[in-house]
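Dear colleague,

I am passing the structure below on to you, and my notes on it follow. Please read them with the coordinates open beside you.

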Amino acid sequence: MFALNLPAFEAKIAQREGKNVIFDVLRRRYVALTPEEWVRQHFTNFLLKEKGYPQGLLANEIQINLNGTKKRCDTVLYRRDLTPQMIVEYKAPSVEITQAVFDQITRYNMVLKVDYLVVSNGLRHYCCRIDYARNTYYFLPDIPCYADL
């Protein structure tokens with residue numbers, strides 16, 4: 001597929017009904033292999049293997065209700081008490097990370113009120129920390145390890 005700015009891993013890819021599918025370890029099933037899904041699976045593997053995120057606290061395709069409309073967060077990290085802590089939004093490598101992408105994830109955060117927002121197209125990754133006390137946010141130099149959250 002595409003070379004990404006993420007560690008390679010042994011992706012389980014198969015064909016179902018003439019289409020490529022990839023195994024999602026969080027959903028525990030094969031899903032359509034789109035460019036965005038390729039990024040999601042690499043980034044999820046990166047969080048699990050490189051950053052120490054617990055698999056049991058990550059979930060893909062989480063549905064939320066935003067102003068009466070059903071939306072889906074690409075990946076959500078939960079705290080041990082199962083309150084949301086981080087939203088991750090993925091785009092295909094061909095999609096530039098723009099303000100519109102951050103606007104999208106910020107709208108999701110109106111519902112979830114997490115501490116961290118992450119956006120990645122597999123080539124560029126951005127993470128910002130929300131400071132609710134000061135009503136601001138700041139970008140981190142890297143995706144934090146789970147132990148540092």
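**Salt bridges**

A network of salt bridges links Asp-24, Arg-27, Glu-37, Arg-40, Glu-61, Arg-72 and Asp-74, where a salt bridge is taken to be a side-chain nitrogen of Lys or Arg within 4 Å of a carboxyl oxygen of Asp or Glu. Please bear in mind that this is a predicted model, in which local features need pLDDT of at least 70 and side-chain atom pairs count only at pLDDT 80 or more, while totals for chains, interfaces and linings use all residues. Residues are numbered from 1 along each chain as its sequence is written, and side-chain values use heavy atoms, with hydrogens and water left out.

By the rule above, the count comes to eleven salt bridges. Arg-27 pairs with Asp-24, with 2.5 Å between the closest N and O atoms, and both Arg-27 and Asp-24 are buried, a word that stands for under 20% relative accessible area, with exposed meaning over 50% and partly exposed in between (1.4 Å probe, protein chains only). Arg-40 forms a salt bridge with Asp-74, the closest N and O atoms being 4.0 Å apart. Because Arg-40 lies in helix H1 and Asp-74 in strand S5 (residues 69-78), this pair ties together parts that are 34 residues apart in sequence; helices (H or I, at least four residues) and strands (E, at least two) are DSSP runs, numbered from the N terminus. Arg-40 and Asp-74 are both buried.

A further salt bridge joins Asp-142 to Lys-51, with the closest N and O atoms 3.2 Å apart. It links distant parts of the chain, since Asp-142 is in the segment after strand S9 (136-139) and Lys-51 in the loop between H1 and strand S4 (58-66), 91 residues apart. Asp-142 is partly exposed, at a relative accessible area of 46%, whereas Lys-51, at 12% relative accessibility, counts as buried.

**Sheet and helix**

Strands S1 (residues 13-16) and S2 (residues 19-24) run antiparallel and are joined by four bridges, two strands being paired if DSSP finds at least two bridges between them. Asn-20 in S2 is the bridge partner of Gln-15. S1 and S2 form a hairpin with two residues between them, and Glu-17 in the turn has a positive phi of about 55°.

These strands belong to an open sheet of three strands in the order S1-S2-S3, with antiparallel pairing. S1 and strand S3 (29-32) are the edge strands, each pairing on one side only. The twist from one strand to the next averages 45°, with axes being lines fitted to C-alpha atoms, for helices over the stretch in contact (heavy atoms within 4.5 Å), and angles running from 0 to 180 degrees between N-to-C directions. Helix H1 (residues 35-50) lies across S1, S2 and S3, and runs at about 25° to S2.

**Lining of the largest pocket**

Helix H2 (99-112), strand S8 (125-131) and S9 each supply at least two residues of the lining of the largest pocket, a pocket being an open set of points on a 1 Å grid over the protein atoms alone, where a 1.4 Å probe fits, with protein on both sides within 12 Å along at least five of seven lines, and lining residues having an atom within 4 Å of a point. H2 gives the largest share of this lining, six residues.

Best regards
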